[in-house]
Structures are given as structure tokens and as C-alpha cells.
Amino acid sequence: LSNYSQLLSGLQLQRGDTLLDFGAGSCWTSRYFAQLGQNVVAMDVSKSALEIGKELLHRHPLISPAGELQFIPYDGHRIPLENNSVDRVVCIDCFHHMPNPEKIIAEFYRILKSNGIVGFSEPGPALS
């Protein structure tokens, strides 16, 4: 959680921003970002993990006011979002699992707005 709070500080979030939670897993961080007023795209290669995130949202809806939360699977190659459409990208504890990090960084650059920020948090210095 201390890494998450440092990431939050560095992201300089603004209510209403569009945020890609890349490698969202079961979407616990996506939920927090949406509750902070971000319009969140939770993305993961695991469709079952995204389904868990949807089910948790259904069982425990966000408290108003909150941003939107959508769930999109990732095919491992191209992020299915428009160019210059995202204000923030976060990649929490998952970048070291990526087999194609250069391609993913290029995709982040493609979808990120010119004043956007990408934030990474990794579980230790020996990983990414």
C-alpha cells in the first residue's frame, strides 16, 4: 500500500481523467481509482480476472460521486483504445510479466495524451 500511495502522489490525478489500469487483474486498484473520480479502463489478458472485477463491482457498487469503470480484455499485442485518448496509465506489479515490454511502452505512448503520465510500481528492484 505504501507503493500504491507513492504512485497516487506521482500521478497528479484530476477528477474526470481517463486512466488505463493495465494488468488490472481482479481490478482492486481500478476500483480505487474510479472511486477517486477517474474514468477507468481496467485491462488484463485474463478475462476471468476481469469477470471477478465485474462481479465485485456488482456486489459492492462505487459510492457516488465516482468515475466510470469499464473492463476490456487485452490480446497481448495492441491496446484497443484510440490514439491520444488516455490521461494516465498505471501498471502495478505486472510489468515484469510482459514478454514484449518495448511494444507495450510504444502502445502506452500511442494512447497517452501529450500531457499524460505513466506510473509503474513493481514488487522489488530485481524485477523490471
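**A helix pair and its surroundings**

Author: In this predicted model, helix H1, which covers residues 2–11, and helix H2, which covers residues 28–35, have axes that come within 13 Å and cross at roughly 45°. Because of that angle, H1 is oblique to H2, and the crossing in which H1 passes H2 is right-handed. The residues that meet are Tyr-4, Leu-8 and Leu-11 on the H1 side and Thr-29, Tyr-32 and Phe-33 on the H2 side. Sorted by class, this contact of H1 with H2 comprises five nonpolar residues, one polar residue and no charged residues.

Beyond H1, the loop between H1 and strand E1 (18–22) holds Gln-12, a residue other than glycine whose phi is positive, near 50°. A positive phi near 50° is also found at Asn-84, again a residue other than glycine, and Asn-84 sits in the loop between E3 and strand E4 (86–92). In the loop between helix H3 (47–59) and strand E3 (69–73) lies Pro-65, which is joined to Ser-64 by a cis peptide bond with omega of about 0°. For context, most residues other than glycine have a negative phi, and most peptide bonds are trans.

As for open space, the largest pocket holds about 170 Å³. Its lining consists of 13 residues, and those nearest the centre of the pocket are Phe-22, Val-45, Tyr-74, His-97 and Met-98. By class, eight residues of that lining are nonpolar, four are polar and one is charged.

Definitions and conventions. Residues are numbered from 1 along each chain as its sequence is written. This is a predicted model: local features need pLDDT of at least 70, side-chain atom pairs count only at pLDDT 80 or more; totals for chains, interfaces and linings use all residues. Side-chain values use heavy atoms; hydrogens and water are left out. Axes are lines fitted to C-alpha atoms, for helices over the stretch in contact, and angles run from 0 to 180 degrees between N-to-C directions. Helices (H or I, at least four residues) and strands (E, at least two) are DSSP runs, numbered from the N terminus. Angles under 35 degrees count as roughly parallel, over 145 as roughly antiparallel, 65 to 115 as roughly perpendicular and the rest as oblique. A crossing is left-handed if the near helix is turned anticlockwise from the far one by less than a right angle, and right-handed if clockwise. Contact means heavy atoms within 4.5 Å. Ala, Val, Leu, Ile, Met, Phe, Trp, Tyr, Cys and Pro count as nonpolar, Asp, Glu, Lys and Arg as charged, and the others, Gly among them, as polar. On a 1 Å grid over the protein atoms alone, a cavity is a set of points where a 1.4 Å probe fits but cannot get out, and a pocket is an open set with protein on both sides within 12 Å along at least five of seven lines; lining residues have an atom within 4 Å of a point. Grid points are joined across faces, edges and corners, and a volume is the space filled by probe spheres set on the points.
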